[in-house]
There are 2 protein chains.
Amino acid sequence: MNGFIAPQNPNLMETTLKSRETMHRLCGKGLEIFNEKGYYNTSLDDILNQLSLSKGAFYHHFKSKEDYFISIVQNLIVQKVYALLIEPLNTEENPLPIIVESLENALEPGKKNEMAYGFMLNDFLTEFNKRNEEISGYLKDILNVWEVNLVSVLKKGKLDGYIARHVDCEGVATYIIASYLGMRSLMTDSSNRQLKYQYAQQLKHYFKSLEPQPVMA
Amino acid sequence: MNGFIAPQNPNLMETTLKSRETMHRLCGKGLEIFNEKGYYNTSLDDILNQLSLSKGAFYHHFKSKEDYFISIVQNLIVQKVYALLIEPLNTEENPLPIIVESLENALEPGKKNEMAYGFMLNDFLTEFNKRNEEISGYLKDILNVWEVNLVSVLKKGKLDGYIARHVDCEGVATYIIASYLGMRSLMTDSSNRQLKYQYAQQLKHYFKSLEPQPVMA
DNA sequence: CATTTAACCGACCTGCAAGTCGGTTCAGAT
DNA sequence: ATCTGAACCGACTTGCAGGTCGGTTAAATG
């Protein structure tokens with residue numbers, strides 16, 4: 001009691017770290033299994049058994065399964081979408097090939113051997129659409145952020161002369177997102193090379209129709 | 001016993017009709033509610049209460065909830081897909097506008113006041129993908145039929161000079177299906193005019209890129 | 001050493017929904 | 001009139017999964 005507010009003492013910090021680590025393990029494994037089997041088809045015990053944790057441990061950290069999943073969305077899924085689909089858009093170049101590349105990349109089932117599950121937004125979106133409005137809302141928010149960023153980069157591409165002036169950037173963004181979500185629906189058997197190739201090719205054709213027409217001599 | 005095989009006697013036919021009618025009512029209501037709330041989120045009682053039928057009635061006609069849904073798929077959903085997406089392709093004209101039209105039509109939330117639910121294949125596909133391989137298979141079969149028909153009509157369009165020779169018809173069909181499924185994911189709040197309009201516009205742009213290039217003078 | 005408390009354990013509670021089963025109704029056959 | 005069986009009823013069984021709760025462990029503190 002020397003008049004200062006005491007700094008967090010070390011042991012408290014340590015326990016906090018322990019707690020955080022367990023939460024992270026729970027979230028990571030949760031995302032993995034929810035992504036594999038779906039949220040409603042996965043019981044908490046499915047996850048807890050794999051981590052050798054108990055119900056008690058779980059409910060010490062999360063107040064419900066729903067709360068748990070919201071944590072997963074807001075920590076892990078948001079991060080993934082940013083890393084795979086939004087940050088790559090930050091470039092000065094022609095946005096169209098960049099978009100194709102980011103989408104192709106995001107259709108990969110898993111990079112290397114870490115975090116080996118692809119992009120799962122579509123499945124979750126559909127699963128929660130008619131079941132849980134709150135979670136559904138969070139997922140849609142993520143899509144909206146993506147859309148806003150796509151529109152922004154498309155408009156910039158228009159200014160820079162990569163995209164024709166007549167193009168409706170919002171429409172294009174919507175169409176890109178729709179086709180991407182749909183591809184994820186079709187790609188059940190994860191790494192379907194054929195589908196991925198077809199998608200990239202057609203996307204390129206479509207994008208060609210957005211380019212300014214070369215002026216005829 | 002006059003040596004002929006007796007024709008189905010009338011009362012048997014009558015009871016068969018009664019039975020059929022109940023099954024039809026069950027299937028119709030089932031599709032409606034499954035489509036609204038999802039298969040796994042709908043209990044049989046939800047449906048039976050609305051029809052004032054009992055568990056006993058249900059299990060007299062179907063051997064399980066799964067069997068029930070398979071009936072719905074093979075009777076009603078198959079029909080819908082044919083009517084909305086496959087039969088319209090039967091035409092001698094330029095297939096591209098026909099395809100756009102059929103897709104726009106299929107995005108309508110409901111025609112008139114009968115059968116007022118749109119096209120639900122995508123939701124069911126996602127719901128069953130990780131849960132029930134058998135049902136998932138039936139749904140994929142439907143998609144495959146659609147794809148085959150799209151490819152066929154595109155190839156015909158190529159022969160008739162409506163589509164450029166370099167076009168990969170399988171790829172285009174895949175891309176069409178993907179974008180359509182994705183739109184259905186996005187259109188939570190059913191009749192979203194804006195989304196539908198954007199989709200149709202972009203689809204037309206995309207299709208323009210598939211047309212043969214006019215020969216320059 | 002005693003005390004406190006975060007982290008964790010696991011048996012139990014509880015609600016829900018699929019599926020069962022013995023019974024009832026009633027139209028038509030004999 | 002009686003009988004048969006299809007159609008239907010609804011209380012009950014069963015299993016599952018989310019959530020609860022009293023107890024245990026272990027680390028830090030005094």
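Relative accessible area sorts residues here into buried (under 20%), exposed (over 50%) and partly exposed (in between), with a 1.4 Å probe and protein chains only. This is a predicted model, in which local features need pLDDT of at least 70 and side-chain atom pairs count only at pLDDT 80 or more, while totals for chains, interfaces and linings use all residues. Residues are numbered from 1 along each chain as its sequence is written, chains are lettered from A and ligands numbered from 1 in the order in which they are written, and side-chain values use heavy atoms, leaving out hydrogens and water.

**Salt bridges within chain B**

Select Lys55(B) first: at 41% relative accessibility, this residue is partly exposed. Its salt-bridge partner is Asp45(B), at 3.8 Å from N to O; a salt bridge requires a side-chain nitrogen of Lys or Arg within 4 Å of a carboxyl oxygen of Asp or Glu. Asp45(B) belongs to helix α2 (residues 44-51) of chain B and Lys55(B) to helix α3 (residues 55-61) of chain B, so the pair ties together parts 10 residues apart in sequence. Helices are DSSP runs (H or I, at least four residues), numbered from the N terminus. Asp45(B) is partly exposed as well, at 35%.

Next, select Lys37(B) and Asp46(B), whose side chains form a salt bridge of 3.1 Å, N to O. Lys37(B) is partly exposed at 28%, and Asp46(B) is partly exposed at 27%.

Then move to helix α1 (residues 10-37) of chain B, where Lys29(B) and Glu32(B) lie three residues apart, about one turn of the helix. Their side chains meet in a salt bridge of 3.6 Å, N to O. Lys29(B) is buried at 18% relative accessibility, whereas Glu32(B) is partly exposed at 25%.

**The interface of chains A and B**

Display both chains. In contact (heavy atoms within 4.5 Å) are 40 residues of chain B and 40 residues of chain A. Together the chains bury about 3,400 Å², 58% of it on carbon and sulfur atoms; buried area is the accessible area (1.4 Å probe) that two parts lose on being put together, summed over both. Select Lys130(B), Tyr175(B) and Gln202(B), which supply 22% of the area that chain B buries against chain A, more than any other three residues.

How many salt bridges link chain B and chain A? The count is two. Zoom in on Lys130(B), which forms a salt bridge with Asp123(A), with the closest N and O atoms 2.6 Å apart.

Terms used
Helix = DSSP H or I, 4+ residues; strand = E, 2+ residues; numbered from the N terminus.
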